[in-house]
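Please look through the sequence and the structure shown below before reading on. The report then takes up a few features in turn, beginning with a question about aromatic residues.

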Amino acid sequence: DSHILWSEKQRSIKNPKDSKERKKFNNSINLLTISEIKPVTPSKSQRKFIIVVGRDGLKGNKKREYLWKCATKDDRDHWVRGLQSHINHLHSIQTFLRGKSVAI
């Protein structure tokens, strides 16, 4: 899946590609729109990280930051590495598919 979803209460989703189902959640982010994921440093607890969506200076695009707080520093590092790994994988799939030609 290419979205991160969150809600005030735990929910399940059958088809994350269905925008109607995603709307049941408080919010969602398409992972391919994330421009940066970074731990908040320096930080007293070392448990926070930021997800930056969009880029400055592009026509009509605004940069938005989401602040997340984890239970521990290890949890934060796990989320940052996991999300970055997932995004890198999605980008590699896109690159592969762009280079693939279809023979008819």
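Which residues form one aromatic cluster?

## The aromatic cluster

In this predicted model, the cluster is made up of W6, F49, Y66 and W68. A pair of aromatic rings is described by the distance of the centres and the angle of the planes, and the structure holds three such aromatic pairs. In one of them, the ring centres of W6 and Y66 are 5.5 Å apart while their planes stand at 75°, an angle over 60 degrees, so the pair counts as edge-to-face. Because W6 belongs to strand β1 (residues 3–6) and Y66 to strand β5 (residues 64–69), this pair ties together parts that are 60 residues apart in sequence.

W6 also forms an edge-to-face pair with W68, for which the distance is 5.0 Å centre to centre and the angle between the planes is 85°. Since W68 lies in strand β5 and W6 in strand β1, the pair links parts that are 62 residues apart in sequence.

## The overall fold and its confidence

The protein contains two helices and five strands, and along the sequence these elements follow the pattern β-α-β-β-β-β-α. Of its 104 residues, 25% count as buried. Among contacts between residues at least 6 apart in sequence, 38% join residues that are at least 24 apart.

How confident is the prediction, and where is confidence lowest and highest? The average pLDDT of the protein is 86, and 88% of the residues score at least 70. Confidence is lowest in helix α1 (residues 19–22), with a mean of 86, and highest in strand β4 (residues 48–53), with 95. Where pLDDT is low, the predicted coordinates should not be read in detail.

## Salt bridges

Side chains of opposite charge can pair when their charged atoms come close, and a search of the whole structure finds three salt bridges. One of them joins K38 to E36, with the closest N and O atoms 3.8 Å apart. K38 counts as partly exposed at 30% relative accessibility, and E36 is likewise partly exposed, with a relative accessible area of 36%. The C-alpha atom of E36 is separated by 9.2 Å from that of R55, a residue 19 positions away along the chain. R55 is found in the loop between β4 and β5.

Another salt bridge brings together the side chains of D77 and K73, at 3.1 Å from N to O; both residues lie in helix α2, four residues apart, which is about one turn of the helix. D77 is buried, with a relative accessible area of 17%, while K73 is partly exposed, with 38%. D77 also meets R76 in a salt bridge, at 2.9 Å from N to O, and both R76 and D77 are buried.

## The surface

The accessible surface of the protein comes to about 8100 Å², and 50% of this belongs to carbon and sulfur atoms. Which residues form a nonpolar patch on the surface? The patch consists of I93, F96 and L97, which together have about 300 Å² of accessible area. Of these, F96 has its place in helix α2 (residues 73–99).

How values were computed
Residues are numbered from 1 along each chain as its sequence is written. This is a predicted model: local features need pLDDT of at least 70, side-chain atom pairs count only at pLDDT 80 or more; totals for chains, interfaces and linings use all residues. Side-chain values use heavy atoms; hydrogens and water are left out. pLDDT is the predictor's confidence in each residue, from 0 to 100. Buried means under 20% relative accessible area, exposed over 50%, partly exposed in between (1.4 Å probe, protein chains only). Contact means heavy atoms within 4.5 Å. Accessible areas come from the Shrake-Rupley method with a 1.4 Å probe; for residues, only the protein chains shown count as cover. Patches are made of residues with over 30% relative accessible area and no salt bridge: like charges are joined within 9 Å, nonpolar side chains (Val, Leu, Ile, Met, Phe, Trp, Tyr) within 5 Å. A salt bridge is a side-chain nitrogen of Lys or Arg within 4 Å of a carboxyl oxygen of Asp or Glu. Rings of Phe, Tyr and Trp (its six-membered ring) pair if their centres lie within 6.5 Å; planes under 30 degrees apart count as stacked, over 60 as edge-to-face and the rest as tilted.
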